[in-house]
Amino acid sequence: MRKTVFFDIDDTLLDTSGFAEIARRSAIEAMCDNGLPLEYDEAYDMLKEIIKEKGSNYGKHFNILTKRLLGQEDSFLIALGMTTYHNIKFSLLRPFPRTLAILIYLKTKGYHLGAITNGKNIKQWEKLVRLNIHHFFDIVITSEEVGVEKPDPIIYLEALRRMNCDPKNSIMVGNKLDVDCVGAVNAGMSAILVNSTLSEEEKERVNNEKIPIIVLDNISDIDTIL
């Protein structure tokens with residue numbers, strides 16, 4: 001039976017949260033410098049509220065921001081914000097250290113690789129393509145495609161079905177205990193938690209509930225256990 005490793009994408013293969021904040025702040029500064037009638041911090045706080053309301057995958061955060069502040073959408077400011085955001089985001093887009101080496105290592109060891117991620121199809125594929133690691137993955141399963149988000153077992157079961165692999169021979173690698181790892185365990189898989197600092201409560205859950213999860217400091221350590 002084939003051995004399969006599935007990866008989460010955001011904050012597992014690359015630091016999405018870090019570059020997103022820098023890119024959004026840069027976009028807000030550009031918009032404020034060109035007529036958005038708020039101080040930087042106030043405008044950024046409003047943008048965060050909009051993102052919280054609509055979700056990070058919503059495509060018109062800047063549209064809502066200008067409409068709330070100006071009474072109508074401002075095409076110039078929206079375009080300026082979006083362009084600045086994407087330019088900064090793509091300039092900062094980097095995999096975590098040794099990510100490429102780990103993917104190569106797993107391939108040489110005979111593992112089949114897949115990705116299971118919450119998000120939009122095109123956005124998630126774009127990250128892998130821009131990092132030039134897309135060719136390592138046999139499949140990429142997104143919540144948009146399946147219609148449910150992790151930790152719903154359905155998305156894991158669909159990934160297992162498409163990869164034609166046994167959950168007992170499959171591992172999920174992610175940075176969120178409940179969303180990535182517990183969700184995978186509930187689908188019959190094992191899991192590796194990386195790039196995450198567990199709270200004392202979470203550590204107790206892992207130890208006392210005997211959840212079959214391996215905790216590593218970061219993705220670069222995977223070759224020490226697989």
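## Helix H2

Let's start with helix H2, which covers residues 40–54. H2 has 15 residues and reaches 21 Å from its first C-alpha to its last, close to the 21 Å expected at 1.5 Å a residue. Keep in mind as you look around that this is a predicted model.

Which residues of H2 are buried? They are Ala 43, Tyr 44, Leu 47, Ile 50 and Ile 51. Look down the axis of H2 and you'll see these buried residues fall within an arc of 115°, so they line one face of the helix.

And what covers them? Helix H1 (16–33) and helix H3 (61–70) are included in the cover over the buried residues of H2. Turn to the face of H2 that points away from its buried side, and you'll find Asp 41 and Lys 52, which are exposed.

## A look at Asp 166

Now hop along to Asp 166, which sits in the loop between helix H8 (153–163) and strand E4 (170–174). Its relative accessibility is 26%, so Asp 166 counts as partly exposed; the partly exposed range lies between under 20% for buried and over 50% for exposed.

What does the side chain of Asp 166 have 2.8 Å from one of its polar atoms? That's the backbone nitrogen of Lys 168. As for Lys 109, it is 57 residues from Asp 166 along the chain, and the C-alpha atoms of the two are separated by 18 Å.

How values were computed: Residues numbered from 1 in each chain as written. Predicted model: local features only at pLDDT ≥ 70, side-chain atom pairs only at ≥ 80, totals over all residues. Heavy atoms only, no water. Helix = DSSP H or I, 4+ residues; strand = E, 2+ residues; numbered from the N terminus. Expected span 1.5 Å × (residues − 1). Buried < 20%, exposed > 50% of the residue type's maximum accessible area, 1.4 Å probe, protein only. Arc of directions from axis to C-beta. Contact = heavy atoms within 4.5 Å. Polar contact = N/O pair within 3.5 Å; in protein donor to acceptor, adjacent residues only side chain to side chain.
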